[in-house]
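Reader: I am new to this structure and should like to learn how to read its features. May we begin with how open space in a protein is described?

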Amino acid sequence: MAASIFSTSPGCKICLASASSRRQELLAATGVDFFVLKTGCPEARAPAGAHPDAYALATAAAKASAAMAIFAQTPTLQTAPTAIITCDTIVSLDNAIFGKPESETGLLTMLRLLNGRRHQVFSGVCIVWPDGAKTQFVEATAVHFADWPEACLLAYAAACRPYDKAGGYGIQDGGGFLADKIEGAWTNVVGLPLARLLQELLQAGMIVAGRPPASTSSA
């Protein structure tokens, strides 16, 4: 059962437009009530020379546009003021962008390149507010991998098969042993910069701390 640390403000809705179970679990653990919208928006391959943070933000913005299009065509989603959240997380080493590995060879190549080195995790976030305005930001976290023998990388790849993870590893899904140091938000490495996101929602009045008082009616 989720802790009641935060809750969605009365009369408002939060939409997490993401199919990622990791993002859903992170947000649900705070107590915020939200619904999931799967847009099916494809993640375009990063163009040559693209800067990692700009690419992550552009992909999050594309997902937001797809979600807004669905909202515009679905009256049942328009029953209350809704904040729509989209996010894209990538791994970058020396400004090269690592998306999700497409094969075992690609997966092992990524792990070998990251092994024993420091890399960056970027999450681009787009929040579309009920009035259509947008807040966009990028969160960066540095992750340092310990230097592991080849056998350990092969064992991790075979046991966890992290083909749906940017950079070829999931810090929370068996891959936590790979990193010996993290500089920045741990939740960002999982896939959702939770502190910054909650601060934005709180400031906008879309969520409140704790449970809102129960409404009472006068006799």
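Author: Let us begin with the term pocket. On a 1 Å grid over the protein atoms alone, a pocket is an open set of points with protein on both sides within 12 Å along at least five of seven lines, whereas a cavity is a set of points where a 1.4 Å probe fits but cannot get out. Lining residues have an atom within 4 Å of a point. Grid points are joined across faces, edges and corners, and a volume is the space filled by probe spheres set on the points. In this predicted model, the second largest pocket has a volume of about 190 Å³.

Reader: Which residues lie nearest the centre of the second largest pocket?

Author: Phe71, Thr82, Ile84, Trp129 and Pro130 do, out of 13 lining residues. Helices (H or I, at least four residues) and strands (E, at least two) are DSSP runs, numbered from the N terminus. H2 and E4 each give at least two residues to this lining. Residues are also sorted by class: Ala, Val, Leu, Ile, Met, Phe, Trp, Tyr, Cys and Pro count as nonpolar, Asp, Glu, Lys and Arg as charged, and the others, Gly among them, as polar. The lining of the second largest pocket has nine nonpolar, three polar and one charged residues.

Reader: How many residues line the largest pocket?

Author: The number is 39, with Glu43, Asp88, Thr89, Lys100 and Ala166 nearest the centre. This pocket holds about 870 Å³ of space. Strand E4 (82–93) is among the elements that give two or more residues to its lining, and E4 contributes the largest share, four residues. By class, the lining of the largest pocket has 19 nonpolar, nine polar and eleven charged residues.

Reader: Is Thr82 buried or exposed?

Author: Buried means under 20% relative accessible area, exposed over 50%, and partly exposed in between (1.4 Å probe, protein chains only). Thr82, in strand E4, has a relative accessible area of 7% and is therefore buried. Thr82 and Gly11 are 71 residues apart in sequence, yet 9.2 Å apart in space, C-alpha to C-alpha. Gly49, in the loop between strand E3 (35–36) and H2, counts as exposed because its relative accessibility is 80%.

Reader: How many aromatic pairs are there?

Author: Rings of Phe, Tyr and Trp (its six-membered ring) pair if their centres lie within 6.5 Å; planes under 30 degrees apart count as stacked, over 60 as edge-to-face and the rest as tilted. The count is four aromatic pairs. One of them, Tyr156 with Phe177, is edge-to-face, at 5.9 Å centre to centre and 70° between the planes. This pair links distant parts of the chain, 21 residues apart: Tyr156 is in helix H4 (residues 150–160), and Phe177 is in the loop between H4 and strand E8 (179–183). Tyr156 is buried, at 3% relative accessibility, while Phe177 is partly exposed, at 33%. Together with Trp148, these two residues form one aromatic cluster.

Reader: What should be known about confidence and conventions?

Author: pLDDT is the predictor's confidence in each residue, from 0 to 100. Where pLDDT is low, the predicted coordinates should not be read in detail. The chain averages a pLDDT of 91, and 94% of the residues score at least 70. Residues are numbered from 1 along each chain as its sequence is written, and side-chain values use heavy atoms, with hydrogens and water left out. Local features need pLDDT of at least 70 and side-chain atom pairs count only at pLDDT 80 or more, while totals for chains, interfaces and linings use all residues.
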